[in-house]
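This report looks at a ligand site, a pair of domains and a set of helix contacts. The structure is shown first, and the account follows it.

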Amino acid sequence: MRSDKVVSMPSATPAPQQTTGVCEEHGQFPQKVNVIFGKEFKTGCPECSRIRIEEESARAEAQETQALRMRMAQKLGSALIPKRFAGKTFDGYIAETPEQQKALSTCMRYAADFKQIAAAGRCLLLLGKPGTGKTHLSVAIANEIMAKSSASAVYRTIGSVLQAIRATYDRSSDQSESQILSSLISPSLLILDEIGVSKEKPSDFELTTLFAIINGRYEEQRPTVIVSNLDAKALPNAMGERCADRLREGGVIVIPFEWESQRGKEGF
Ligand SMILES: Nc1ncnc2c1ncn2[C@@H]1O[C@H](COP(=O)(O)OP(=O)(O)OP(=O)(O)O)[C@@H](O)[C@H]1O
Ligand SMILES: [Mg+2]
Ligand SMILES: [Zn+2]
């Protein structure tokens with residue numbers, strides 16, 4: 001049987017006492033005095049403590065902003081977007097015809113939904129005539145996702161990739177082929193421009209390299225944007241059927257650019 005008798009125990013921390021403290025800055029404030037094992041602990045000025053917390057969080061916020069700015073600069077630096085296109089945005093794209101509006105809105109949606117696009121590994125093909133703004137819109141997608149999310153993007157022409165890989169065969173090269181390939185496979189988004197520029201059949205080297213990149217990204221389920229003057233029918237010939245097949249998985253989005261060139265509209 002247990003006893004219901006209440007036994008009062010001597011406490012090491014008696015109830016705090018209320019007094020009035022004085023802060024040099026803020027004057028009087030209600031102060032608690034705790035006595036713990038015979039030692040007095042007084043609470044400080046609440047206004048001082050509020051100011052301290054505010055300063056601390058402002059400092060943390062400034063540090064965060066600075067870190068964000070540095071990450072952004074780093075991302076932009078490694079995106080390798082050519083100077084001519086670095087500033088291209090959706091805002092700067094003039095859509096006058098329904099086809100141009102469709103191209104613009106599809107690219108804007110691709111960037112806005114990039115989280116889901118990336119999860120599904122959905123590729124995008126910008127195909128069509130010269131000077132219609134394919135590179136412009138592809139770079140605008142890269143700029144948008146880098147600015148609005150933690151995603152990274154890299155822009156390369158296939159020609160520059162092949163040249164960079166060839167350069168690694170030089171003994172004095174400080175980069176290896178696999179380093180170049182992994183720099184193209186690891187970003188959240190890769191934009192590969194100027195596919196199939198030469199009218200000749202692609203070389204084995206070109207096809208092997210393209211497959212290594214596209215298949216590498218496919219295995220990691222990362223989407224790729226392909227930019228080309230070829231149409232959807234001719235593209236598999238220029239990339240190899242196995243590449244094209246991997247691009248289709250996840251539901252590829254194809255935008256045709258079939259209007260006249262917007263370069264120097266007066267023209268010659
Ligand atoms: N609708 C548009 N609104 C504003 N600028 C545009 C538009 N279309 C193209 N431009 C501009 O025209 C120039 C050529 O566009 P861009 O290089 O993107 O064309 P492209 O389709 O990639 O051509 P190519 O197939 O020859 O590479 C760029 O400076 C681009 O910003
Ligand atoms: Mg282009
Ligand atoms: Zn104070």
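## The shell around ligand 1

How many nonpolar, polar and charged residues does the shell around ligand 1 have? In this predicted model, the shell divides by class into nine polar, four nonpolar and three charged residues. It is made up of 16 residues, of which Pro130, Gly133, Lys134, Thr135 and His136 come nearest to ligand 1.

Where the shell is traced back to secondary structure, helix α5, which spans residues 134–148, gives the most to it, contributing three residues.

## Two domains

The protein chain is divided into domain 1, covering 38–79, and domain 2, covering 80–257. The C-alpha centres of domain 1 and domain 2 lie 40 Å apart.

Contact between the domains involves four residues of domain 1 and eight residues of domain 2. On the side of domain 1 that touches domain 2, the classes are two nonpolar residues, one polar and one charged.

## Helices α6 and α7

Two packed helices are described by the distance between their axes together with the angle between those axes. For helix α6 (residues 158–168) and helix α7 (residues 177–185), the axes come within 8 Å and cross at roughly 155°. Because angles over 145 degrees count as roughly antiparallel, α6 is roughly antiparallel to α7.

In this contact, Val161, Ala164, Ile165 and Thr168 of α6 meet Glu177, Ile180 and Leu184 of α7. By class, the residues of the contact of α6 with α7 are five nonpolar, one polar and one charged.

## Helices α6 and α8

How are α6 and α8 set relative to each other, roughly parallel or roughly perpendicular? Their axes come within 11 Å and cross at roughly 100°, and, because angles of 65 to 115 degrees count as roughly perpendicular, α6 and α8 are described as roughly perpendicular to each other.

The α6 side of this contact is formed by Ile158, Val161, Leu162 and Ile165, while the α8 side is formed by Phe205, Glu206, Thr209 and Leu210. These residues divide into six nonpolar, one polar and one charged.

## Helices α8 and α10

Helix α8 (residues 204–219) also packs with helix α10 (residues 241–248), and here the axes come within 9 Å and cross at roughly 25°. Because angles under 35 degrees count as roughly parallel, α8 is roughly parallel to α10. The crossing in which α8 passes α10 is left-handed.

From α8, the residues that make the contact are Leu210, Phe211, Ile214, Asn215 and Tyr218, and from α10 they are Arg242, Cys243, Arg246 and Leu247. Taken by class, the contact of α8 with α10 has six nonpolar, one polar and two charged residues.

How values were computed:
Residues numbered from 1 in each chain as written. Chains lettered and ligands numbered in written order. Predicted model: local features only at pLDDT ≥ 70, side-chain atom pairs only at ≥ 80, totals over all residues. Near = placed C-beta within 6 Å. Helix = DSSP H or I, 4+ residues; strand = E, 2+ residues; numbered from the N terminus. Nonpolar A, V, L, I, M, F, W, Y, C, P; charged D, E, K, R; others polar. Domains from an automatic or database assignment. Contact = placed C-beta atoms within 7 Å. Axes fitted to C-alpha atoms, helices over the stretch in contact; angles between N-to-C directions. Left-handed = near helix turned anticlockwise from the far one by under 90°.
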